[in-house]
Amino acid sequence: ILPFWLSVLTPTEYGLVELLTSIQMILASIITLNFHEIFNLDYFHHDKAGQKKLITDLLSIYLLFSLPITLLLITISPLLNKYLLLKSGSNLALLFTFLTAFLSLPNSLFSQVLRFQQKSTQITLIQVVSGLIFLGFNILFVAYYRYSATGVLFARLLSVLFLFISTTYLT
């Protein structure tokens, strides 16, 4: 997708996409509290009911910690746009970045559960469709509607939302 972006986005817009992607990844690693490790270590020590309780407990703690942080970041996104991005981005682009980071742990946990349940066909299909959604919405938002960096981030959020909904449904 990089050649597509480089042919459609200006260097400034591409730099903004990369900067917000870095912010998203750093934020996701901070707000997930390394729950992946707890989940991987503890999942097989429980029966089915205990596994569901583990997932519920981890997601509850995650929501308790990460939801206020995400809401705070969304609330102060105009200030972050002004001082961090020097007004080169949009508040909408920051919103998409924060929401994508927020969904990182649930997506990871539910995908891991599908792997543990040996549902490799389903997880592969979900990931392929998620990639196609990302590609399709990039073409629509960036090339057709000319939403530039915000379009890329919105396409990523829609792809992550599909991944979240489909893995939640299958687990």
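Asn-138 lies in helix 8, which spans residues 120-144; helices here are DSSP runs of H or I with at least four residues, numbered from the N terminus. The model is a predicted one, in which local features need pLDDT of at least 70, side-chain atom pairs count only at pLDDT 80 or more, and totals for chains, interfaces and linings use all residues. Residues are numbered from 1 along each chain as its sequence is written, and side-chain values use heavy atoms, with hydrogens and water left out. The chain averages a pLDDT of 93, and 100% of the residues score at least 70, on a confidence scale from 0 to 100.

Helix 8 has 25 residues and reaches 35 Å from its first C-alpha to its last, close to the 36 Å expected at 1.5 Å a residue (1.5 Å times one less than the number of residues). Just after helix 8, Arg-146 takes a positive phi of about 60 degrees.

Turning to the buried side, Asn-138 has a relative accessible area of 0% (buried is under 20%, exposed over 50%, partly exposed in between, with a 1.4 Å probe and protein chains only). Other buried residues of helix 8 include Ile-126, Ser-130 and Phe-134. The buried residues of this helix pack against helix 1 (2-8), helix 7 (104-116) and helix 9 (148-170). Leaving aside residues up to four places away in sequence, Asn-138 touches Ile-1, Phe-4, Trp-5, Ala-143, Val-152 and Ala-155, a contact being heavy atoms within 4.5 Å.

Leu-132, by contrast, lies in helix 8 but is exposed, at a relative accessible area of 56%.

Conventions
pLDDT = per-residue confidence, 0-100. Helix = DSSP H or I, 4+ residues; strand = E, 2+ residues; numbered from the N terminus.
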